[in-house]
Amino acid sequence: ARAGRRLESPRMNRPADTSTSSALNVKTSHRWHPWRWLAWSTAGLLTLVALWWSFAPRTVVVNVASVTQGPFEQSIEEDGQLRLKARYGIAAPMAGQLQRPSLQVGDRVEKNQVLAWLAPMASPLIDPRNQSVLRQRVGRDEASQQAVSARVAQLQAALAQARLQAQRTAQLAQQDFIAQAALDQALNAERAAAQALEAGRAEWRAAQFSLAESQAALGQTTTIAPTAGQGLVPIASPISGQVLKLHLSSAGPVTAGQALIDIGDVTALEAVIDVLSSDARHIRTGAPVGLSLDGRQAALTGQVRRIEPTAFTRVSALGIEEQRVNVLVDLLPATPADAQGLGDGFRVDAHIVLSRIDQALRVPSAALVRDGESWRVWVIHNGRAHARKVLVKDRNAEFAAIEPGPLQAGDTVVLYPAALTEGQRVKISP
């Protein structure tokens, strides 16, 4: 009951003075302190600065180069090799035994100098079967010769008889005991007997040669080392030059047409450069060529003599099949120091000039940027980048020749430009 009375106490149930409290809250909410203005202003300013910093163009560090005035060349860089203009291969004129050559690779030879000696080929050995056959052949030829000899004796006797008969007939004809026709018949018989004897003698000589041939085939030849100039065939040099290759460096049997020695004049060289077929169509006969033996400055000069009309397939180092064409280059007369040590098959690096401009306005190729069908470059002026369209006349791996106008010699251009905007600040890389 006491607790209930406490809950029902007027003090606990007295309503609050709401009017006074509301007025106090209204006064408090309408009060604005100066520090709050400062905080909001600072926050807004920082937001604007952050937005400007986010979208403002940055200063870009770039590499630059200068536009220059000078010679410009459009060229092709390829490798090739030197070779002799005229290479002579000396071959055996017949089958025989080659004597050991006295020359070595690199030796100097003169025209008509003897390069090697060739001995006749020795006869092969005879096996027992063939030896028996050859003996029978010798016997046959001996019998034939005897038969022909007997016939020749008969013909000699017949001729003697015909001569006697002709003499008697002539005497009787002088005494008019016989007719002239009988004399003519006797004389014709004498001539016929003489011709028959001549034919018999020819048969005897043929039988003798046949017998000698059979006897030679039956004989076994022993190998005899001939001396120089006795039974040897000399092989002479057709030109003055140097020995390039010895196909046989020792004595031995050779067949007719077998290669023995290669010679040539190493002072008469040419270069063979194989280029891509797409590049060959731009090369012209007479184009200047620089040749280097060590990949540095060109030590030899030449000019294109011929572009072969047939291409061939070659696999590159990357495994790509390429169609290439041989370009033949004549070497211009060189000083003895430049030509010293050159030889057949030496590798060279070739610089083939397609076109040349003595005084061209040159821009580095790395500064060009494609702009649709044209080109443009970025020029630095007062620390800012500005785009300029240029007209490219020709270009190579290092420079591009452009028409004067938008650019002048000495202008600074950006190399490898990327994501530049007009008027953007740039900083040159040290």
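## Stop 1: a salt bridge inside

Select E78 and R324: their side chains form a salt bridge, with the closest N and O atoms 2.9 Å apart. Now colour the strands they sit in. E78 belongs to strand β2 (residues 68-84) and R324 to strand β14 (residues 321-331), so this pair ties together parts that are 246 residues apart in sequence. Keep in mind as you look that this is a predicted model.

Are these two residues buried or exposed? E78 has a relative accessible area of 18%, so E78 counts as buried. R324 is buried too, with a relative accessible area of 3%.

## Stop 2

Next, select R305 and E270. Their side chains meet in a salt bridge, at 2.7 Å from N to O. R305 lies in strand β13 (residues 300-315) and E270 in strand β11 (residues 269-276), so here the pair ties together parts that are 35 residues apart in sequence. With a relative accessible area of 32%, R305 is partly exposed. E270, at 4% relative accessibility, counts as buried.

## Stop 3: strand β2 and its partners

Stay with β2, the strand that holds E78. β2 and β15 run antiparallel and are joined by 13 bridges. To find your place along this pairing, click on Q74, which stands opposite S355 in β15.

Then bring β11 back into view. β2 and β11 also run antiparallel, with 5 bridges joining them. Which residue stands opposite R83 in β11? It's E270, whose side chain you saw meeting R305 in a salt bridge.

While you have strands on screen, here's a handy idea to keep: in a regular strand, the side chains alternate between the two faces of the sheet.

## Stop 4: an open sheet

Time for a sheet of 4 strands. Select β7, β6, β4 and β9: this open sheet has the order β7-β6-β4-β9, with antiparallel pairing. Which strands stand at the edges? They are β7 (233-236) and β9 (252-254), each with a single partner strand, so one side of each is left without a neighbour in the sheet. Turn the view and look at how the strands are set against each other: neighbouring strands of this sheet are turned by 40° on average, direction ignored.

Zoom in on the end of the order where β4 meets β9. Strand β4 (residues 96-98) pairs with β9 in the antiparallel sense over 3 bridges. Click on L98 and look across to β9, where G252 is the bridge partner.

## Stop 5: a hairpin

Jump to strand β19 (residues 392-395) and strand β20 (residues 399-402). They run antiparallel, joined by 3 bridges. Together β19 and β20 form a hairpin, with 3 residues between them.

## Stop 6: two helices side by side

Two packed helices are described by the angle between their axes and the distance between the axes. Here the axes come within 7 Å and cross at roughly 165°. An angle over 145 degrees counts as roughly antiparallel, and α4 and α5 are therefore roughly antiparallel to each other. Their crossing is left-handed. By class, the contact of α4 with α5 has 25 nonpolar, 12 polar and 8 charged residues.

Now show the side chains of R163 and E190, which meet in a salt bridge (3.8 Å, N to O). R163 is in helix α4 and E190 in helix α5, 27 residues apart, so the pair links distant parts of the chain. Both are partly exposed: R163 has a relative accessible area of 42%, and E190 has 23%.

Finish with L183, which lies in helix α5. L183 is buried, with a relative accessible area of 12%.

How values were computed
Residues numbered from 1 in each chain as written. Predicted model: local features only at pLDDT ≥ 70, side-chain atom pairs only at ≥ 80, totals over all residues. Heavy atoms only, no water. Axes fitted to C-alpha atoms, helices over the stretch in contact; angles between N-to-C directions. Helix = DSSP H or I, 4+ residues; strand = E, 2+ residues; numbered from the N terminus. Parallel < 35°, antiparallel > 145°, perpendicular 65-115°, else oblique. Left-handed = near helix turned anticlockwise from the far one by under 90°. Nonpolar A, V, L, I, M, F, W, Y, C, P; charged D, E, K, R; others polar. Pairing = 2+ DSSP bridges. Salt bridge = Lys/Arg side-chain N within 4 Å of Asp/Glu carboxyl O. Buried < 20%, exposed > 50% of the residue type's maximum accessible area, 1.4 Å probe, protein only.
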